[in-house]
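Visitor: Please take one part of this predicted model and go through it closely. I would like to see how that part sits against the rest.

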Amino acid sequence: MALDTTVSGSSSDSYVTLAEANTFFQNHKRHFDATWDALSDTQKEVHLRDATLALDALRDWRGYRPDSDQVLEFPRELGEISFYKTTLYPSNTIDQKIKHAQMEVAMMVIRRGSTTDTIETRYEESIGALSGTVNIGYRQRSDQKDLETLAGNSMTRVLAYLKPWNPARRMVRA
């Protein structure tokens with residue numbers, strides 16, 4: 001079944017179309033392009049749907065859904081933001097940052113299931129054995145963020161794309 005990318009739709013299941021994703025990976029993620037191209041259109045659509053669900057569940061996003069029948073979290077009505085500036089992110093379109101974040105998440109989902117397109121960002125810190133069981137303790141490498149940057153994506157990048165919709169953290173005096 002084809003992706004439904006209707007803005008504020010009641011049956012929408014993706015923010016990006018398959019054509020947009022194909023173009024994005026071809027033009028911006030050349031190291032991942034062969035992995036993406038090896039998937040069937042049906043597999044690509046499944047990964048894009050999964051990425052949409054993961055993105056929607058990631059946080060309680062700032063603002064509210066502009067349409068009561070809207071099934072996905074975006075677009076969001078942000079209203080006025082700090083210092084009385086109105087938002088630059090209209091609620092009648094899906095901003096390109098949201099689309100990029102969805103495709104980054106899709107890329108991470110695909111890589112997690114792959115044994116050929118990943119870079120290991122942890123190392124064994126300790127190994128223990130007791131009564132026939134083995135326990136391996138791992139630690140993140142100090143250069144983890146650099147490796148993720150080289151690999152082409154990370155949750156840091158996804159959250160950076162979604163910064164305008166991240167909930168504000170405010171200190172409240174009791």
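Guide: The buried residues of helix H2 are covered by, among others, helix H1 (18–28), helix H3 (41–57) and helix H4 (96–112). H2 itself spans residues 30–37, and its buried residues are Phe32, Asp33 and Trp36. These three sit on the same side of H2, because they cover an arc of only 125° around the axis. The spacing along a helix is behind this kind of pattern: an α-helix has 3.6 residues a turn, so residues three or four places apart point the same way.

Of the buried residues in H2, take Trp36 next. Leaving aside neighbours within four places in sequence, Trp36 is in contact with Leu18, Ala21, Asn22, Phe25, Lys44, Leu48 and Ile110. Trp36 also belongs to the largest nonpolar core, a set of 30 residues. Within that core, Trp36, Leu48 and Leu162 touch the most other members. As a general point, nonpolar side chains in soluble globular proteins tend to be buried together.

Another grouping in the model is made of aromatic rings. The structure holds 6 aromatic pairs. One of them joins Tyr15 and Phe74, which are edge-to-face, with 5.8 Å from centre to centre and 75° between the planes. Tyr15 lies in the segment before H1 and Phe74 in the loop between H3 and strand S1 (80–81), so this pair ties together parts that are 59 residues apart in sequence. Both Tyr15 and Phe74 are buried. Phe74 also pairs with Trp61: the ring centres are 5.4 Å apart and the planes stand at 50°, so this pair is tilted. Trp61 lies in the loop between H3 and S1, as does Phe74, so the pair ties together parts 13 residues apart in sequence. Trp61 is buried too. Ring pairs link Tyr15, Trp61, Phe74 and Trp165 into a cluster.

A word on confidence. The protein averages a pLDDT of 79, and 72% of the residues score at least 70. Over residues 115–121 pLDDT stays under 50, and the model has 15 contacts beyond four places in sequence for them. Where pLDDT is low, the predicted coordinates should not be read in detail.

How values were computed
Residues are numbered from 1 along each chain as its sequence is written. This is a predicted model: local features need pLDDT of at least 70, side-chain atom pairs count only at pLDDT 80 or more; totals for chains, interfaces and linings use all residues. Side-chain values use heavy atoms; hydrogens and water are left out. Buried means under 20% relative accessible area, exposed over 50%, partly exposed in between (1.4 Å probe, protein chains only). Helices (H or I, at least four residues) and strands (E, at least two) are DSSP runs, numbered from the N terminus. The arc is that of the directions from the helix axis to the C-beta atoms. Contact means heavy atoms within 4.5 Å. A nonpolar core is a set of buried Ala, Val, Leu, Ile, Met, Phe, Trp, Tyr and Cys residues joined through side-chain atoms within 4.5 Å. Rings of Phe, Tyr and Trp (its six-membered ring) pair if their centres lie within 6.5 Å; planes under 30 degrees apart count as stacked, over 60 as edge-to-face and the rest as tilted. pLDDT is the predictor's confidence in each residue, from 0 to 100.
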